[in-house]
Protein chains: 2
Amino acid sequence: MVVAIVGTGLIGGSMALTLKEKGFAERVIGVDSSLVHLQKARELGIIDEGASLEAGVDAAKLIILAIPVDAGAGLLPQVLTRLKPDQVVMDVGSTKEGIIAAARKLPNRARFVATHPMWGTEFSGPQAAEHHAFAGRAAVICDREDSAPDALALVEQVYDNLEMRKVYMDAASHDMHAAYVSHISHITSFALANTVLEKEKEEDAIFTLASGGFESTVRLAKSNPSMWVPIFRENRENVLDVLNEHITQLRKFKSCLEKENYTYLKELIEQAGEIRRVLNK
Amino acid sequence: MVVAIVGTGLIGGSMALTLKEKGFAERVIGVDSSLVHLQKARELGIIDEGASLEAGVDAAKLIILAIPVDAGAGLLPQVLTRLKPDQVVMDVGSTKEGIIAAARKLPNRARFVATHPMWGTEFSGPQAAEHHAFAGRAAVICDREDSAPDALALVEQVYDNLEMRKVYMDAASHDMHAAYVSHISHITSFALANTVLEKEKEEDAIFTLASGGFESTVRLAKSNPSMWVPIFRENRENVLDVLNEHITQLRKFKSCLEKENYTYLKELIEQAGEIRRVLNK
């Protein structure tokens, strides 16, 4: 099958690598606004050739939109309008309500499947693409009843090839849960990086002393702003809701320290340890 | 050389494993208030035998205090008072001002070396001990001028055996820097876990969807309260200072979202990316 990857970065590139290895994609056409990325993706064997959006869409059975969420919602009408009856479009963006709203009134809505594979790293671009990414993680498929059965089945095959667990939910639930299990972690990391950069004037000390714990909480701060600003914008209300709660929780720690209430501080830490139950079950 | 490890958990246990492997410790005596830990440490080959504090101190050339910071400061007078002239005591706690203050007026102060190896995981107890831990990380040695040259030299040998980079600073500087590069990360993680546990009522969703990003920012939330409450208590002022800044930084993200100021939001995220410069140089 010919697959067009629109956006040859971390996610699109990693998908292409596995879909080619598994033989699911016989030919991968790359579409990217950056010619440098396109060239790099070809060098790395992620794509077989580069093409314009129009040529890529026309040649492919499956078109995967793997670009920032605002760009995905923006391109979708153009892609869907151009589609022949047996073609399928899927997106892999981190928010789902916006793109589904953009698709709603289009005549080819049923050829579109809205998804979110829950995998990523803090790196971006084709050079960040990884072999064997995604395996074991959840792939969320949203509002499946609005997609044609054959389109849905093809996208399910994609995620089977990536060895992901398929999870079905409506777009609103997805965006709410994503705010908790992904988006807030990024805000926390960005803010933590800014805290340390703002207050710790001796950068050599950070470099010299930084331990694994610091690196793991702050690594997401390296994530690409062009990807994350649109996510926060699209998921603004859910993210604000979780962020408010997060500030409230941090204030509890602050209050314990200010009042030297170490009994309650211990309770807060013990409560936090309950996350074990959820992560390891 | 005979080494007594007071506290046979994650840090003490991991040190014992490497010091034995390197031949630096010919015999390791374990001292622990938990007989279950002592038994486990023996089973795992971390220690050769268990003993009371008194018997352990009397038999060892080097005594390593690897217990929560308040317990370490509490035991130190008792240990130093008992010491023969050629013996050395070191601690490995995450705060240094408290234990150094506790040591200051004791006659054997010069036999004590205050240190902090910057390595750890979110796990605890002897079963959490790791082979080849510590390597490549910083080992901070504080106020070295207050330790006898031979005591300092012995402790430097310990860290050379662990393949750590030795870093020297005064206790006050250590505690300030540790608040930035370690302690605040833990508070962030605890608060993030509590945020998600408080607000995300569908625990199955967390379990199903949690991605690597979430796990890496929240993993420190599994850390042991008995270790961390004393650290936050001892380093209260520095931690409060950094925590206030962190809340201020999070409020900036909140304000951007509330006012839909995506230009400034992007700037904040770009600023955060500067952490790369400090972590990777």
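## A buried helix residue and the A–B contact

A179(B) is buried, with a relative accessible area of 1%. In this predicted model, A179(B) belongs to helix α7 of chain B. Leaving aside neighbours within four places in sequence, A179(B) is in contact with I184(B), N235(B), N238(B), V239(B) and V242(B). The C-alpha atoms of A179(B) and D241(B) are separated by 8.8 Å, although the two residues are 62 residues apart along the chain. Because buried means under 20% relative accessible area, the value of 1% places A179(B) in that class.

The contact between the two chains is summarised below.

| Item, chain B and chain A | Value |
|---|---|
| Residues from chain B | 89 residues |
| Residues from chain A | 89 residues |
| Buried area | about 8900 Å² |
| Share of buried area on carbon and sulfur atoms | 68% |
| Salt bridges | 6 salt bridges |
| Polar contacts (both at pLDDT 80 or more) | 26 residue pairs |

Helix α7 of chain B, residues 171–199, gives the most to the side of chain B that touches chain A, with 18 residues. By class, that side of chain B has 44 nonpolar, 20 polar and 25 charged residues. One of the salt bridges between the chains joins R236(A) to E260(B), with the closest N and O atoms 4.0 Å apart.

The largest nonpolar core has 137 residues, and I63(A) and I63(B) are those with the most contacts inside it. In soluble globular proteins, nonpolar side chains tend to be buried together. Beyond its neighbours within four places in sequence, I63(A) is in contact with A4(A), V6(A), V57(A), V79(A), L83(A), Q87(A), V88(A), V89(A) and M90(A).

Note on methods: Residues numbered from 1 in each chain as written. Chains lettered and ligands numbered in written order. Predicted model: local features only at pLDDT ≥ 70, side-chain atom pairs only at ≥ 80, totals over all residues. Heavy atoms only, no water. Contact = heavy atoms within 4.5 Å. Buried area = accessible area lost by both parts, 1.4 Å probe. Salt bridge = Lys/Arg side-chain N within 4 Å of Asp/Glu carboxyl O. Polar contact = N/O pair within 3.5 Å; in protein donor to acceptor, adjacent residues only side chain to side chain. Helix = DSSP H or I, 4+ residues; strand = E, 2+ residues; numbered from the N terminus. Nonpolar A, V, L, I, M, F, W, Y, C, P; charged D, E, K, R; others polar. Core = buried A, V, L, I, M, F, W, Y, C linked by side-chain atoms within 4.5 Å. Buried < 20%, exposed > 50% of the residue type's maximum accessible area, 1.4 Å probe, protein only.
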